[in-house]
Amino acid sequence: MSFRDYLSEARTIFDRLYPENQITAVDYEGPTIVVYTTNQELFSRRDDIAKQIAQEMRRRIAIRPDPSILSPEDEARAIIEQLIPESAGFKDLYFESDTGEVIIEVEEPTVITSRDSEYIIGIKEQTKWSPRIVRAPPMHSRTVKEMREFLRDVKQERKVFLHNLGEKLNIPTMPGETWVRVTALGGHREVGRSATLISTNNSKVLVDCGMMNINDVEEQPWAGAPYLYVPEIQPFSSLDAVILTHAHLDHSGLLPILYKYGYEGPVYMTPPTRDLSALLQNDYIKVAHAEGHKGPYESKHVREALKRSIVLRYNETTDITRDIRLTFYNAGHILGSASVHLHIGEGLYNVVLSGDVKFEKTWLFNPANNKFPRAETFMTESTYAGRDDYHHPRAEASNNFVDIINRTFERGGSVLVPVFAVGRSQEVMLVLEEAVRMGKIKEVPVYLDGMIMEATAIHAAYPEYLNKNLRESIMFKRENPFLSPIFQKVETKQQRQEICDSGENKIVLATSGMMSGGPVMEYFKTWVTSPENSLVFVGYQADGTMGRRIQRGMDEITLSENGRQTKFQVKMAIETSEGFSGHSDKRQLLSYIATMQPMPKKILVNHGDGEKAAEFARLIRSKFGVDTVALRNLETVRLY
Ligand SMILES: [Zn+2]
Ligand SMILES: [Zn+2]
């Protein structure tokens with residue numbers, strides 16, 4: 001058994017195909033083989049050569065400029081700012097030193113990007129950086145900016161990490177019998193704390209590491225965690241890779257504790273998931289502190305995870321272990337949400353995990369992809385797969401929501417909407433903006449409390465992940481709905497108090513979405529005893545959450561106020577507006593499976609409350625004749 005020397009192999013092929021290559025170094029960067037060169041033509045224009053070699057070697061190849069030829073960043077910035085014509089409306093620029101690209105954000109890209117533009121040529125010649133001109137995002141996201149700065153600061157550390165990972169990926173696989181298993185560690189026959197282990201004779205990959213939404217984490221800090229203390233993944237350093245399907249905390253919330261307790265390997269996700277999950281994890285820590293208890297991890301553990309993050313766009317395939325290849329597909333659920341396709345061995349076996357999935361075009365996204373090259377086993381969520389789960393079409397949902405608001409205003413009340421910062425908030429904002437613009441509701445302030453604006457700005461930073469209509473209205477038209485003056489950000493406690501106390505009609509969107517804490521509770525405590533107000537649920541309320549208890553119609557609830565347990569009479573109207581969901585309802589899940597290509601041989605059902613998952617498994621079996629089970633947490637099945 002000998003190591004294949006991919007690095008010298010790559011160099012040999014370059015010499016053959018492009019003798020004047022001026023290669024200065026060849027190195028691993030995770031799964032990618034990176035070639036550094038002083039030949040500008042090669043790194044800025046010859047993607048075709050990289051592609052050809054990648055096909056020949058079955059490895060990802062990237063051609064990068066040798067850092068020695070690039071102008072220092074400060075110098076390059078000054079040159080570029082001077083070269084860009086005023087009519088382009090220069091906004092900002094940042095350097096991607098990995099690729100030798102400089103991303104230049106301007107208001108009117110067409111001024112510069114015309115063919116053979118003298119500006120592009122000038123920048124290339126004078127700085128050696130390759131300019132990429134993009135339209136400046138219409139909203140400023142602090143998270144996106146800080147993320148870029150952070151990744152630049154830890155560049156050296158990442159380089160070492162990615163080199164070591166690359167070497168590990170090239171260790172030959174173990175000989176002997178091949179097998180594939182799946183182990184349920186959390187989020188099976190329940191919603192929350194999602195964690196599923198895929199293991200083979202060569203590797204162990206954890207998909208998601210979420211937390212349960214519970215109100216009393218203080219008393220039971222581990223009650224919300226998946227079954228992480230199992231021999232299969234202990235110690236955590238024995239894991240080869242972690243994958244996040246999306247940023248919601250029931251999938252990403254406990255990722256940092258893997259790093260706190262010894263995991264040092266990579267975590268794979270889409271670029272928006274990286275930004276959003278860090279935002280939500282840091283917010284979770286902040287809320288925990290504000291409520292007077294220590295969270296299960298600190299922000300330094302969030303940063304440890306980021307240092308080892310590897311981002312992949314939809315439909316990009318990469319080796320994540322010696323015998324597993326990963327591809328993300330659009331899941332239509334929230335920004336950057338993905339279904340996970342794992343190709344195991346050389347054509348041996350394929351597993352698809354849906355993640356949270358929306359099989360319908362929404363106000364924000366395209367419907368989930370359900371066509372895969374191969375898929376022997378499919379694991380599907382079942383949040384709304386129950387007998388009576390039916391979502392109203394989008395148009396009906398928005399009419400219904402508008403009715404609730406108007407009825408509340410007629411009574412002289414205000415409307416409180418608990419939302420996840422990411423996903424439902426943006427859909428509700430789009431509906432409200434349109435309703436006000438069309439005169440369907442009177443123009444009242446819509447207050448956004450708890451990370452909602454920042455999460456919205458991240459959407460604007462990744463327009464390519466949005467559906468076409470929204471992308472165009474955000475990027476090209478003047479009327480960006482998210483920038484409507486009706487939306488007002490709540491930033492201080494005092495502001496919140498004033499909004500709570502004022503008698504005017506208003507709408508408040510506030511986190512957390514299942515009322516397990518966060519600013520929404522402050523408004524709720526003030527308004528709950530007045531029957532003219534309305535509380536409107538637009539998202540899923542899991543078993544055991546405060547949101548579910550209230551939704552079910554409890555007329556008295558106990559909440560802690562100033563450290564004391566206080567009873568509140570529920571007098572405000574409790575409403576549910578169906579149809580905003582980022583999940584598929586039963587009908588959509590069934591049509592996803594009916595039209596899935598190829599039809600899987602085995603289906604596993606997870607991410608559904610208790611009996612719902614088991615019942616849906618029985619339904620799939622009888623409808624499609626496919627072997628289907630809903631695993632219980634801690635169960636393992638052999639797939640191959
Ligand atoms: Zn989700
Ligand atoms: Zn979920």
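1. Basis. The model is predicted: local features need pLDDT of at least 70, side-chain atom pairs count only at pLDDT 80 or more, and totals for chains, interfaces and linings use all residues. Residues are numbered from 1 along each chain as its sequence is written, while chains are lettered from A and ligands numbered from 1 in the order in which they are written.

2. Overall fold. The chain holds 21 helices and 28 strands. These are DSSP runs numbered from the N terminus, with helices being H or I of at least four residues and strands E of at least two. The radius of gyration is 26 Å, close to the 26 Å from the globule rule for 640 residues, so the chain is as compact as a globular protein of that length. That radius is taken over C-alpha atoms, and the rule is 2.2 Å times the number of residues to the power 0.38. The C-alpha trace spans about 80 × 65 × 45 Å along its principal axes.

3. Of the 640 residues, 46% count as buried. Buried requires 20 or more other C-beta atoms within 10 Å of the residue's own, exposed 12 or fewer, and partly exposed falls in between, with C-beta atoms placed from the backbone. Among contacts with a separation of 6 or more, 72% join residues 24 or more positions apart. A contact means C-beta atoms, placed from the backbone, within 7 Å.

4. Helix H11. This helix covers residues 271-290. Its 20 residues should span 28 Å at 1.5 Å a residue, and the end C-alpha atoms are 29 Å apart, which agrees. The expected span is 1.5 Å times one less than the number of residues. Buried residues of H11 include Pro 271, Arg 274, Asp 275, Leu 280 and Tyr 284. Just after H11, Gly 292 has a positive phi of about 85°.

5. H7 against H11. Helix H7 (residues 142-153) packs on H11 at about 105°, with the axes 10 Å apart. That makes H7 roughly perpendicular to H11. Axes are lines fitted to C-alpha atoms, for helices over the stretch in contact, and angles run from 0 to 180 degrees between N-to-C directions. Under 35 degrees is roughly parallel, over 145 roughly antiparallel, 65 to 115 roughly perpendicular, and the rest oblique. Thr 143, Val 144 and Met 147 of H7 meet Asp 275, Ala 278 and Leu 279 of H11. The contact residues are four nonpolar, one polar and one charged. Here Ala, Val, Leu, Ile, Met, Phe, Trp, Tyr, Cys and Pro count as nonpolar, Asp, Glu, Lys and Arg as charged, and the others, Gly among them, as polar.

6. H14 against H15. Helix H14 (residues 424-437) and helix H15 (residues 452-461) pack at about 85°, with their axes 9 Å apart. H14 is thus roughly perpendicular to H15. Ser 425, Gln 426 and Met 429 of H14 contact Ile 452, Ala 455, Thr 456 and His 459 of H15. This set divides into three nonpolar, four polar and no charged.

7. Asn 480. This residue sits in the loop between helix H16 (468-475) and strand S20 (487-490). Asn 480 is partly exposed, with 16 C-beta neighbours inside 10 Å. Not counting residues up to four places away in sequence, Asn 480 touches Pro 138, Ser 473 and Ile 474.

8. Leu 312. The loop between strands S12 (309-311) and S13 (317-319) contains Leu 312. Leu 312 counts as buried, with 20 C-beta neighbours inside 10 Å. Beyond four places in sequence, Leu 312 touches Tyr 268, Thr 270, Thr 318 and Phe 328.

How values were computed
Two residues are in contact if their C-beta atoms, placed from the backbone, lie within 7 Å.
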